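Work through these exercises with the model open beside you. Try each task before reading its solution.

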Amino acid sequence: MTLRKLVGRYQPKDSFLHKLDPRTKIFAAFALAVTVFFLQSPWDYGIFAMFLVLAVIVGQIGLWPVVRAVQALTVLILLSALLQLFGAPGTPIWQWGPLKISDEGLRTGAMLSARLIFFGLISALLGVTTSALQLADGLEGVLLPLAKLRVPVRGLALMFSVSLRFVPLILDEADTIIKAMRARGIDPFEGSIAERARKIVTILVPLLRNTLLRAEALAEAMAARCYDPELPRTRLYQPCFTWRDGVALASLGLLGALIWAL
């Protein structure tokens, strides 16, 4: 499943990126994602790509997690590229009947594909080097100033953490239901569109029921332990900024300055 390539990818290692404060990594991922929209020239794309490749090497991520992150966006990349390639106006460089490829469509399609690949690499960098618990703690730390505006920051962080833990369980349960159907001679991905839709419903109904039962059991367990997300909590590992975080933020600033200058 595609979702399996986007979650549950954390790899515990002793790299530079793994040792960064989760708040720094979340802020850096958000800053990099915003920077993608400001890339214009080929020099910008080249510098940004080299920065991400350097981050992959420093984080000791390896090739396979990067391939999985980009592979999860393959359909979206192809559809976006084709729509831009044949739909954007400009000077035609190839035409066959109603189909036309323009220079502007080729340039826009290449830029959009590169941006989607960058988003996949950024998600891989964050997911592989940060565990679900660290992500929840980091998100709470980043959003903590909003608590003064009565935003339920701790509740949002708890919801995010529980969601990350539930997704792999839901995917495993969906795989179990699909295997049970195939063992009975029913393949939910064969037949006409209407037949597939009816078969998908037979998967979604028990999956939704079991998910609601699991959520109810979790809520009862938390209520039995008098858990209140708004009360201050202690942590086993207190996050703190170190010189590594300073180097990472300085690298982001240098990247932004280079892109701005070019």
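**Exercise 1.** Determine the handedness of the crossing of H6 and H7, and how the two helices run relative to each other.

*Solution.* This is a predicted model.
- Step 1: H6 passes H7 in a right-handed crossing.
- Step 2: Find the helices. H6 covers residues 132–143 and H7 covers residues 153–183.
- Step 3: Take the geometry. Their axes come within 9 Å and cross at roughly 160°.
- Step 4: Apply the cut-off. Angles over 145 degrees count as roughly antiparallel. H6 and H7 are therefore roughly antiparallel to each other.

**Exercise 2.** List the residues with which H6 meets H7, then sort the contact by class.

*Solution.*
- Step 1: H6 brings Ala-132, Leu-133, Leu-135, Ala-136, Leu-139, Glu-140 and Leu-143.
- Step 2: H7 answers with Val-153, Arg-154, Ala-157, Phe-160, Ser-161, Leu-164 and Arg-165.
- Step 3: The contact of H6 with H7 has 10 nonpolar, 1 polar and 3 charged residues.

**Exercise 3.** H1 also packs on H6: work out how their axes are oriented and which residues touch.

*Solution.*
- Step 1: The axes of H1 and H6 come within 8 Å and cross at roughly 75°.
- Step 2: Angles of 65 to 115 degrees count as roughly perpendicular. H1 and H6 are therefore roughly perpendicular to each other.
- Step 3: From H1, the contact uses Pro-22, Arg-23, Lys-25 and Ile-26. From H6, it uses Gln-134, Leu-135, Gly-138, Leu-139, Gly-141 and Val-142.
- Step 4: Sorted by class, the contact of H1 with H6 has 5 nonpolar, 3 polar and 2 charged residues.

**Exercise 4.** Describe the packing of H2 and H9.

*Solution.*
- Step 1: H2 spans residues 42–58, and H9 spans residues 243–261.
- Step 2: They pack at an angle of about 165°, with axes 10 Å apart. That makes H2 roughly antiparallel to H9.
- Step 3: The crossing of H2 and H9 is right-handed.
- Step 4: Asp-44, Ile-47, Phe-48 and Phe-51 of H2 meet Ser-251, Leu-252, Leu-255, Leu-258 and Ile-259 of H9.
- Step 5: The residues of this contact divide into 7 nonpolar, 1 polar and 1 charged.

**Exercise 5.** Classify the ring pair of Phe-48 and Phe-118, and locate both rings.

*Solution.*
- Step 1: The structure holds 4 aromatic pairs.
- Step 2: The ring centres of Phe-48 and Phe-118 are 5.0 Å apart and their planes are at 55°, so the pair is tilted.
- Step 3: Phe-48 lies in H2 and Phe-118 in H5 (residues 103–129), so the pair ties together parts that are 70 residues apart in sequence.

**Exercise 6.** Where in the chain is confidence lowest, and where is it highest?

*Solution.*
- Step 1: The mean pLDDT of the chain is 80, and 88% of its residues reach 70 or more.
- Step 2: Confidence is lowest in strand E1 (residues 92–96), with a mean of 64. It is highest in helix H1 (residues 22–36), at 91.
- Step 3: Over residues 1–8, the pLDDT is below 50. Beyond near neighbours in sequence, this stretch has 16 contacts in the model.

How values were computed:
Residues numbered from 1 in each chain as written. Predicted model: local features only at pLDDT ≥ 70, side-chain atom pairs only at ≥ 80, totals over all residues. Heavy atoms only, no water. Axes fitted to C-alpha atoms, helices over the stretch in contact; angles between N-to-C directions. Helix = DSSP H or I, 4+ residues; strand = E, 2+ residues; numbered from the N terminus. Parallel < 35°, antiparallel > 145°, perpendicular 65-115°, else oblique. Left-handed = near helix turned anticlockwise from the far one by under 90°. Contact = heavy atoms within 4.5 Å. Nonpolar A, V, L, I, M, F, W, Y, C, P; charged D, E, K, R; others polar. pLDDT = per-residue confidence, 0-100. Phe/Tyr/Trp six-rings, centres within 6.5 Å; stacked < 30°, edge-to-face > 60°.
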